[in-house]
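Thanks for coming. I will go through one protein chain today, from the overall numbers down to a few residues.

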Amino acid sequence: MTSATSDQLLVVIDPVARRTDGESVRIAKDVLSAGAHTKVCLPDGPEEFARALARRGSRRPVVVGDDRALVRAVSLLHRQRELAGCALSVVPVGSLLSVARSLGVPTGAVAAARAVLDGAERRLDLLVDESDGVVLGALHIPPVTGHTQSVEAGRPWLRTAQSLVRTLVPARETTVPPPRPARLRVEVDGVTLLDLDQPVEAVSVTPGSCGVAEVEVRPLSVGAEASPLRAQGRTVSVSGADFRYRADAGVWGPVRRRTWTVREGALGLVLPGA
């Protein structure tokens with residue numbers, strides 16, 4: 001770890017955090033303001049959130065929000081090619097905090113704010129796909145469901161519209177088809193770990209350490225339980241019929257092929273000191 005030296009902070013408070021837990025936001029803001037020179041931004045949406053980060057100057061960015069806000073900040077900095085020179089901090093506030101917790105960030109407002117002030121920068125590996133999407137934690141490919149509609153993270157307006165339709169249209173009994181096994185080709189560093197001729201129950205890819213990802217594939221068992229297949233590598237490609245994957249705070253897809261590459265030490269995250 002290296003010390004997070006800047007005492008000039010840009011505190012970007014996600015609007016969802018302000019609505020869901022204003023008390024934790026207030027506590028975090030008070031602790032940060034008492035320990036450093038802070039500029040507080042209260043963006044009303046993703047566009048203002050992005051502008052605040054882009055105009056941070058020499059200030060060290062601090063995101064106050066849930067996993068979605070953290071992933072949004074990392075994605076923006078990655079696409080601006082500014083992750084390498086940025087030590088990012090986060091004070092987790094909200095109901096979706098599993099990614100921040102898995103990265104070692106305290107989930108209490110006071111402890112997280114103290115880590116921002118007294119912690120150190122640690123460089124963490126990221127998974128980056130060919131469309132510049134980033135994955136901080138593990139990604140999972142679940143079984144294929146019978147429908148093809150996709151609801152991606154970051155589209156709350158779509159969920160709102162769907163809820164409105166459900167309130168206006170009389171409810172009818174529907175039969176949801178059970179998940180069916182996927183047939184996917186999984187390649188690690190160009191070597192096929194599992195091919196299309198064998199149905200798969202689940203696939204998980206997790207950034208490991210030293211620039212490699214941990215890959216686990218669970219073939220569909222017939223009779224006796226099938227042993228999971230494991231591998232390590234810098235690039236992981238999954239292809240086949242349309243599939244979705246869960247990553248961090250969202251569900252993405254459907255896609256027919258996706259390749260993730262490990263970017264070693266791409267994310268500088270301020271964490272409690274050893």
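A residue is called buried here if its relative accessible area is under 20%, and exposed if that value is over 50%. By that cut-off Trp260 is buried, because its relative accessibility is 1%. Please keep in mind that this is a predicted model.

Now the overall picture. The protein chain has 274 residues, and 44% of them count as buried. Its secondary structure consists of seven helices and 15 strands. The accessible surface is about 14000 Å², with carbon and sulfur atoms making up 52% of it. If we take contacts with a separation of 6 or more, 68% of them are between residues 24 or more positions apart.

What about disulfides, and how many are there in the whole structure? The search finds zero. As for individual cysteines, Cys41 counts as buried because its relative accessibility is 17%, under the 20% limit. Cys210 has 58% and is therefore exposed.

Next, back to Trp260. How many aromatic pairs does the count give? It gives one. The partners are Tyr245 and Trp260, with ring centres 5.1 Å apart and planes at 85°, so the pair is edge-to-face. Tyr245 is in strand β14, residues 235-247, and Trp260 is in strand β15, residues 250-271. The two are 15 residues apart, and the pair links distant parts of the chain. Tyr245 is buried as well, because its relative accessibility is 3%.

Leaving out neighbours within four places in sequence, Asp129 is in contact with Tyr245, Arg258, Thr259 and Trp260. Where does Asp129 sit in the secondary structure? It is in strand β6, which covers residues 120-129. Is Asp129 buried or exposed? It is buried, because its relative accessible area is 8%. Its side chain makes a polar contact of 2.7 Å with the side chain of Ser131. The side chain of Asp129 also reaches the backbone nitrogen of Gly133, at 2.9 Å.

Now to another part of the chain, helix α3, which spans residues 46-54. Which of its residues are buried? They are Phe49, Ala50, Ala52 and Leu53. Viewed down the axis of α3, these buried residues lie within an arc of 160°, so they line one face of the helix. What covers the buried residues of α3? The cover includes strands β2 (8-13), β3 (37-41) and β4 (60-65), together with helix α4 (67-79).

Val64 is buried, because its relative accessibility is 1%. Which residues does Val64 touch, not counting those up to four places away in sequence? The answer is Val11, Val12, Ile13, Asp14, Ala17, Val25, Val91 and Val93. Val64 can also be set against Lys29: they are 35 residues apart in sequence, and their C-alpha atoms are 8.9 Å apart in space.

Methods:
Residues are numbered from 1 along each chain as its sequence is written. This is a predicted model: local features need pLDDT of at least 70, side-chain atom pairs count only at pLDDT 80 or more; totals for chains, interfaces and linings use all residues. Side-chain values use heavy atoms; hydrogens and water are left out. Helices (H or I, at least four residues) and strands (E, at least two) are DSSP runs, numbered from the N terminus. Buried means under 20% relative accessible area, exposed over 50%, partly exposed in between (1.4 Å probe, protein chains only). Contact means heavy atoms within 4.5 Å. Accessible areas come from the Shrake-Rupley method with a 1.4 Å probe; for residues, only the protein chains shown count as cover. A disulfide is a pair of cysteine sulfur atoms within 2.5 Å. A polar contact is a pair of N or O atoms within 3.5 Å; within protein, one must be able to donate a hydrogen and the other to accept it, and residues adjacent in sequence count only if both atoms are side-chain atoms. The arc is that of the directions from the helix axis to the C-beta atoms. Rings of Phe, Tyr and Trp (its six-membered ring) pair if their centres lie within 6.5 Å; planes under 30 degrees apart count as stacked, over 60 as edge-to-face and the rest as tilted.
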